[in-house]
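These are my notebook entries on what I looked up, residue by residue and then for the chain as a whole.

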Amino acid sequence: MIHLALPLTLVAILAGAGAYGVIARRNAVLVLIGVELILNAANLLLVTMGSVLPDTLRSGHVLALFVITIAAAEVGVALAVILALFRDRGHVDLSEPGT
């Protein structure tokens, strides 16, 4: 069995990088990548805790599949919005609203 320090460290790194991407970046695609990193960190945490804790229903794994499904739908909608923004404005910089 793998020690918990490694997956939890990876979760912290992924969540930190994702939060940095959401907060510091102005490009909509990079913000979307930051959100995906945060969702992947949540998935890794769910699977890790689902493997460690005694749960006969495997709730962590099921919730991870649910998050993957929601993330796939979110990416499709977000990329459509970003594409529409790019066609309208010619750029996807979020620091210039309404221009």
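The model is a predicted one, in which local features need pLDDT of at least 70 and side-chain atom pairs count only at pLDDT 80 or more, while totals for chains, interfaces and linings use all residues. I number residues from 1 along each chain as its sequence is written, and side-chain values use heavy atoms, with hydrogens and water left out.

Entry on Val81. I looked up Val81 and found that its place is in helix 3, where helices are DSSP runs of H or I with at least four residues, strands are runs of E with at least two, and both are numbered from the N terminus.

Entry on the overall fold. I count three helices and zero strands in the protein chain, and reading along the sequence gives the pattern α-α-α. The C-alpha trace spans about 55 × 25 × 15 Å along its principal axes. The radius of gyration, taken over C-alpha atoms, is 17 Å, whereas a compact globule of 99 residues would have a value near 13 Å; the globule rule behind that figure is 2.2 Å times the number of residues to the power 0.38.

Entry on the annotated segments. The unreviewed UniProt entry lists residues 29-50 and 62-86 under "transmembrane region", and I keep in mind that such positions are given in the numbering used here, that feature names are shortened, and that annotations may be inferred rather than shown by experiment. Over residues 29-50 I find 100% helix and 0% strand, with the end C-alpha atoms 31 Å apart. Over residues 62-86 the chain is likewise 100% helix and 0% strand, and there the end C-alpha atoms are 36 Å apart.

Entry on Arg58. Which loop holds Arg58? I place Arg58 in the loop between helix 2 (28-52) and helix 3 (59-89). Its phi is near 55°, a positive value in a residue other than glycine. Most residues other than glycine have a negative phi. With a relative accessible area of 43%, Arg58 counts as partly exposed.

Entry on Glu36. Glu36 is found in helix 2, and I checked it for a salt bridge, meaning a side-chain nitrogen of Lys or Arg within 4 Å of a carboxyl oxygen of Asp or Glu. Glu36 is buried yet has no such bridge, and the nearest side chain of opposite charge, Arg25, is 16 Å away; here Lys and Arg count as positive, Asp and Glu as negative, and His and the chain ends are not counted. Leaving aside neighbours within four places in sequence, Glu36 is in contact (heavy atoms within 4.5 Å) with Ala71, Glu74 and Val75.

Entry on Val35. Val35 is also found in helix 2, and at 28% relative accessibility I list it as partly exposed. Outside four places in sequence, its contacts are Val22 and Glu74.

Entry on Asn43. What does Asn43 touch, not counting residues up to four places away in sequence? I find Ala64, Val67 and Ile68. Asn43 sits in helix 2 and is buried, with a relative accessible area of 10%. The C-alpha atoms of Asn43 and Ala64 are separated by 5.0 Å, and the two residues are 21 residues apart along the chain.

Entry on Val31. Val31 has its place in helix 2 and is buried at a relative accessible area of 16%. Apart from residues up to four places away in sequence, Val31 touches Gly21, Val22, Arg25 and Leu94. Between Val31 and Leu94 I noted 63 residues of sequence separation and 9.3 Å from C-alpha to C-alpha.

Entry on the totals. Of the 99 residues, 20% count as buried. Among contacts between residues at least 6 apart in sequence, 52% join residues at least 24 apart. The chain exposes about 6500 Å², of which carbon and sulfur atoms supply 75%; such areas come from the Shrake-Rupley method with a 1.4 Å probe, and for residues only the protein chains shown count as cover.

Conventions: Buried < 20%, exposed > 50% of the residue type's maximum accessible area, 1.4 Å probe, protein only.
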